[in-house]
Amino acid sequence: MIEIFLGKYNYWIYITLMMIGFYAMIAKHNLIKKIIGMNIFQTAVFLFYISIAKVKGGTAPIVWEEAIQYDNPLPHVLILTAIVVSVSTTAVALALIIRIYKAYGSIEEDKILEMNN
Amino acid sequence: MNISQHFPVMIVIIPLISAVIIPLIGRIRRIYGWYVSIAATFSSFLISISLLMTVFEKGRISYWLGNWEPPWGIEYVVDYLSGFVLVVISFIAFIITVYSIKSVGKEIPEHRITPFYSIYMLFVAGLLGMIITGDIFNLYVFIEISSLAGYALIAAGRKRDALIASYNYLILGTIAATFILLGIGYLYMVTGTLNMADLRERLPLLYDSKVVRTAFAFFTVGLSIKIALFPLHIWLPNAYTHAPSVVGALQAATATKVGVYAMIRIMFTVFKPQFILEVVPVSQIFLFLSAVAIIAGSVLAIGQRDIRRMLAYSSIGQIGYIVLGIALANKSSIIGSLIHILNHALMKGGLFLVVGAVVYKTGITDIDDFKGLGKRMPFSMAAFTIGALSMVGVPLTVGFVSKWYLALGALQAGMWVFVPVILISSLLSAVYFWRVINNIYFKDDGVPARIDDAPAGMLMPAFTLAACCIIFGIAAFIPVYITGFAAEMLLRG
């Protein structure tokens with residue numbers, strides 16, 4: 001039992017973070033809070049990628065004579081790309097929120113829906 | 001060195017570079033941005049035709065980016081399937097670009113036209129990249145390029161509702177893309193590769209692994225959101241309704257189709273047909289969902305007053321058809337699906353273009369206000385009628401061909417229940433299109449007499465698409481021939 005929780009703690013961390021983010025994206029009414037949730041959600045997946053890149057006893061993937069083993073650098077590179085995507089998504093979302101605020105005078109989803117009806 | 005060797009990468013590079021050139025050249029004169037877009041989409045179209053012809057001569061084309069040999073480097077693959085979809089999508093993109101300038105000039109503030117075309121080209125580049133890539137992480141990147149550009153394009157709508165529609169799409173689209181990213185991570189974790197062909201070799205040994213199955217679940221949900229499969233379609237109607245007319249046409253005709261293509265790639269190229277049929281019978285779920293989508297999309301479309309919203313709901317039904325064919329997974333049904341991709345791109349693109357022309361001339365989107373429009377805008381309405389007939393599936397239109405093959409596929413799979421589903425939905429679509437046609441031709445009052453038909457720059461593209469509906473309906477052997485090869489390739493175990 002303890003093995004499942006402690007031995008694979010990286011997965012538990014990423015799942016917990018992911019669900020926190022997911023909850024915020026769905027349940028929060030404030031548009032900014034949704035975006036914060038979205039960032040947590042995406043970062044959780046990034047952490048998952050980084051954690052699977054770790055090799056037992058490995059060092060940073062830079063050539064070094066004393067190194068016995070290197071961590072897998074590929075997931076790191078993939079996540080660099082994904083971080084760029086995440087930053088761009090956040091930028092687009094924030095730009096949208098600014099325009100929504102100008103158009104509706106509010107960033108509370110329920111108020112905006114009221115105005116639409 | 002022969003330049004045609006680099007065609008596979010140029011099909012993505014050209015729109016991508018033009019997205020950078022447009023803001024620069026647009027400073028001289030705004031119209032130049034449009035010229036660059038036309039040139040870029042047209043050359044992409046020509047290249048995709050040349051690629052498809054090369055595939056027929058020499059077989060599968062594999063292009064190594066930076067000359068890194070796959071599975072280490074990124075591979076671009078053109079085969080019967082991606083070649084076919086490339087031609088369809090780049091053709092539609094070209095036609096809609098030609099159409100766009102008048103409509104964009106009316107619906108978008110002048111100082112935003114140049115950035116609009118820049119984002120437009122990014123969107124096209126993302127779609128073409130999704131089709132041609134043979135690398136699963138590259139697929140994710142292109143999904144995000146096209147989606148992000150798509151959010152921005154939808155937000156360019158005139159009303160403030162467009163902003164909310166775009167925001168909701170962004171939230172759902174990001175959830176979908178992150179799920180796909182997670183699925184990719186799971187597959188990479190157990191196989192150590194990102195190349196689709198390589199994954200196909202390595203995965204069968206791991207079909208029992210929980211990790212692989214979880215990965216597949218994430219792909220399924222993520223892509224189902226992207227293609228707006230029925231219970232996950234919430235973002236679509238508002239996005240298509242409030243987007244500028246050109247964007248509505250482009251999104252409806254291309255974005256979800258390319259999403260379906262990505263789904264086919266994951267199901268049949270990364271995984272084998274055997275996986276979705278036997279190991280994890282996910283095709284059963286898809287059969288059920290697609291039948292619900294077909295009926296629900298049509299029923300919901302009947303209740304709509306706004307014509308764009310009606311077309312959007314009808315899109316959800318059409319996605320159901322395509323997924324139905326994939327889930328039946330035999331040769332006829334997949335031919336039906338692939339032709340329906342062509343088909344829906346032509347019809348829905350054409351219909352949205354006509355609606356855009358009506359908005360341009362009159363500003364009307366409510367179906368009740370369409371009364372007498374047949375007299376005022378006879379040519380536009382003729383194109384609309386052809387599109388509508390094809391959507392219903394009248395013989396001699398391309399809509400009939402795909403439905404025929406889908407029904408044939410259902411019978412061959414022994415699932416005859418889906419034949420009535422297809423028939424009922426065709427009747428329902430006849431109902432909702434009749435509402436419009438009836439108003440257009442058989443009611444008199446309404447549209448003021450000073451309204452005349454749309455300018456030739458808008459009519460020609462709409463008519464080209466309508467003509468294609470009929471050409472490929474009569475010369476059905478052309479798409480059937482091409483997709484026949486694609487279907488055989490996909491089903492090879």
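In chain B, 22 of the 22 residues of helix α13 (residues 307–328) are buried, so α13(B) is largely enclosed by the rest of the structure. A residue is called buried if 20 or more other C-beta atoms, placed from the backbone, lie within 10 Å of its own, exposed if 12 or fewer do, and partly exposed in between. The model is predicted: local features need pLDDT of at least 70 and side-chain atom pairs count only at pLDDT 80 or more, while totals for chains, interfaces and linings use all residues. Residues are numbered from 1 along each chain as its sequence is written, and chains are lettered from A and ligands numbered from 1 in the order in which they are written.

The end C-alpha atoms of α13(B) are 32 Å apart, which agrees with the 32 Å that its 22 residues should span at 1.5 Å a residue. The expected span is 1.5 Å times one less than the number of residues in the helix. Helices (H or I, at least four residues) and strands (E, at least two) are DSSP runs, numbered from the N terminus. Just after α13(B), A329(B) has a positive phi of about 50°. Helix α14(B) has 31 residues and extends 45 Å from its first C-alpha to its last, close to the expected 45 Å. Of these 31 residues, 29 are buried, so α14(B) is also largely enclosed by the rest of the structure.

G363(B) follows α14(B) and has a positive phi, near 80°. The residue lies in the loop between α14 (331–361) and α15 (373–376) of chain B. G363(B) counts as exposed because it has 10 C-beta neighbours inside 10 Å. Between G363(B) and L81(B) there are 282 residues of sequence separation and a C-alpha to C-alpha distance of 39 Å.

Positive phi values were also computed for two residues in other loops of chain B. A228(B), a residue other than glycine, has phi near 60°. A228(B) is located in the loop between α8 (210–227) and α9 (235–242), and it counts as buried because 27 C-beta neighbours lie inside 10 Å. L396(B), likewise not a glycine, has phi near 75°. The loop that holds L396(B) runs between α16 (378–392) and α17 (398–412). With 14 other C-beta atoms within 10 Å, L396(B) is partly exposed.

Strands β1 (residues 61–64) and β2 of chain B run antiparallel and are joined by four bridges; two strands pair if DSSP finds at least two bridges between them. W64(B) has E75(B) of β2(B) as its bridge partner. In a regular strand the side chains alternate between the two faces of the sheet. In β2(B) (residues 75–78) both faces are covered, with E75(B) and V77(B) buried on one side and Y76(B) and V78(B) buried on the other. The loop between β1 and β2 of chain B contains P71(B). The peptide bond from P70(B) to P71(B) is cis, with omega near 5°.

Two packed helices are described by the angle between their axes and the distance between the axes. Axes are lines fitted to C-alpha atoms, for helices over the stretch in contact, and angles run from 0 to 180 degrees between N-to-C directions. Within chain B, α3 (residues 80–107) packs against α20 (residues 477–491) at an angle of about 140°, with the axes 8 Å apart. The arrangement of α3(B) and α20(B) is therefore oblique; angles under 35 degrees count as roughly parallel, over 145 as roughly antiparallel, 65 to 115 as roughly perpendicular and the rest as oblique. Y80(B), L81(B) and F84(B) of α3(B) make the contact with I482(B), T483(B), F485(B), A486(B), M489(B) and L490(B) of α20(B). Residues are in contact if their C-beta atoms, placed from the backbone, lie within 7 Å. By class, this contact has eight nonpolar residues, one polar and no charged. Ala, Val, Leu, Ile, Met, Phe, Trp, Tyr, Cys and Pro count as nonpolar, Asp, Glu, Lys and Arg as charged, and the others, Gly among them, as polar.

Between the chains, 22 residues of chain B are in contact with 25 residues of chain A. On the chain B side, α5 (136–155) and α6 each supply at least two residues, and α6(B) gives the most, with 14 residues. The chain B side comprises 15 nonpolar, four polar and three charged residues. The contact of α3(A) with α6(B) has 12 nonpolar, four polar and one charged residues.

Notes
Contact = placed C-beta atoms within 7 Å.
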